[in-house]
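Hi,

Here is the structure I promised to pass on. Have a look at it first, then read my notes below.

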Amino acid sequence: MSQTIADLIEQRFGLPATAGREVPATGTVAGMIARRSTRRFETRPVAPEMFDVALAAALSAPAKSDLQQASIVVVRDPAQRAAVNALLPSMPWVASAPEFLVFCGDNRRMRCIAEMRGKPFPNDTLDMFMNAAVDAGIVMQAFITAAESLGLGCCPISLIRNEVERASELLALPQGVFPVAGLCVGHPADSGRLSMRLPPAITVHVDRYDGSDFETELAAYDARRAAREPTAPEKQRDVARFGRAEHYTWSEDKARQYAVPERHGFGPYVRGQGFALK
Ligand SMILES: Cc1cc2nc3c(=O)[nH]c(=O)nc-3n(C[C@H](O)[C@H](O)[C@H](O)COP(=O)(O)O)c2cc1C
């Protein structure tokens, strides 16, 4: 029998699966389980119609209270694109992607509407900020799902938030608008790498949250993942500070990654964009 959804689930999690054993590995769900981020692109452009279809699908995503608080900046002008690329030199796939978009949370429209309609807006809360951020994230993922189902490849770029002030200025983001992530889009030049996910035993809880087996499950995940996706010794992070690990695992990598302060400017930037985060 050809591949089934269960086969794809096994590959994704590195664990035996029974769900989807009778279901052929085709269609949207198969594409979602087998997907991977693309960091190598062909030079050929994305057909404008295909791009516009993906945009329409993205903007069909659900939105909190129908407020539709996402905005997308498509960076097209070559000089503008070069300036955005220059903010992100450590990720050369940004410059090589035929298309680059920035997905933004947008609370500006809501604030304008309150003013236009002569109504108070007593909701300058952290929740309001989160609604806009979540809307933008959902729209970005809807774009990715649509683009990938059309044969395109994508890579989200939150690194743009490392340079948030400069990016915001370049993209002329007004008060109430903030970048959530960039997105590289193009035709994939390779098949990428399937990244193993944490097991449902860690990420799915029934009836109430239960993290009691976290350490055991994590150790097993680390071992499974290191066996399938070993990290080359030269790819270990911050060896000068933490030494070279004999068994370099996902959790060691993530602990090292976040042992370095990152994006402490984002909070002040967001407040500067007019969010009180009450
Ligand atoms: C919000 C968000 C931001 C991301 N930022 C970056 C980034 O700045 N650079 C990058 O190369 N990948 C970025 N990624 C891609 C992740 O690294 C990738 O999704 C993860 O490693 C899992 O791999 P996969 O997408 O191939 O399954 C981002 C993904 C998300 C969802």
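**What surrounds the ligand**

The residues of the shell around the ligand split into six nonpolar, three polar and one charged. In this scheme Ala, Val, Leu, Ile, Met, Phe, Trp, Tyr, Cys and Pro count as nonpolar, Asp, Glu, Lys and Arg as charged, and the others, Gly among them, as polar. Before you go further: this is a predicted model, where local features need pLDDT of at least 70, side-chain atom pairs count only at pLDDT 80 or more, and totals for chains, interfaces and linings use all residues. Residues are numbered from 1 along each chain as its sequence is written.

Which residues are around the ligand? They are Arg 36, Ser 37, Met 91, Cys 155, Pro 156, Ile 157, Ser 158, Leu 159, Ala 181 and Ser 195. A residue gets into this shell if its C-beta atom, placed from the backbone, lies within 6 Å of the molecule. Strand β3 (residues 153-157) gives the largest share of the shell, three residues.

**The strands**

Helices (H or I, at least four residues) and strands (E, at least two) are DSSP runs, numbered from the N terminus. Four of the five residues of β3 are buried, so the rest of the structure largely encloses this strand. Here is how the burial labels work: a residue is buried if 20 or more other C-beta atoms lie within 10 Å of its own, exposed if 12 or fewer, and partly exposed in between, with C-beta atoms placed from the backbone.

β3 pairs with strand β4 (residues 177-186) in the antiparallel sense, over five bridges. Two strands pair if DSSP finds at least two bridges between them. β4 is itself mostly covered, with nine of its 10 residues buried.

**The whole protein**

Zooming out, the protein has 13 helices and four strands. Its radius of gyration is 21 Å, close to the 19 Å that the globule rule gives for 278 residues, so it is as compact as a globular protein of that length. That radius is taken over C-alpha atoms, and the rule is 2.2 Å times the number of residues to the power 0.38. The C-alpha trace spans about 60 × 45 × 45 Å along its principal axes, and 24% of the 278 residues count as buried.

The protein is divided into domain 1 (5-34), domain 2 (48-189) and domain 3 (198-230), with bounds from an automatic or database domain assignment. The C-alpha centres of domain 2 and domain 3 lie 31 Å apart.

Is Arg 228 buried or exposed? Arg 228 is exposed, with 12 other C-beta atoms within 10 Å. You'll find Arg 228 in helix α10 (residues 214-228). Not counting residues up to four places away in sequence, Arg 228 touches Gly 14 and Met 196; a contact needs C-beta atoms, placed from the backbone, within 7 Å.

Leu 198 sits in the loop between β4 and α9 (200-203). With 16 C-beta neighbours inside 10 Å, Leu 198 counts as partly exposed. Leaving aside neighbours within four places in sequence, Leu 198 is in contact with Thr 203 and Tyr 221.

Happy browsing!

Note on methods
Contact = placed C-beta atoms within 7 Å.
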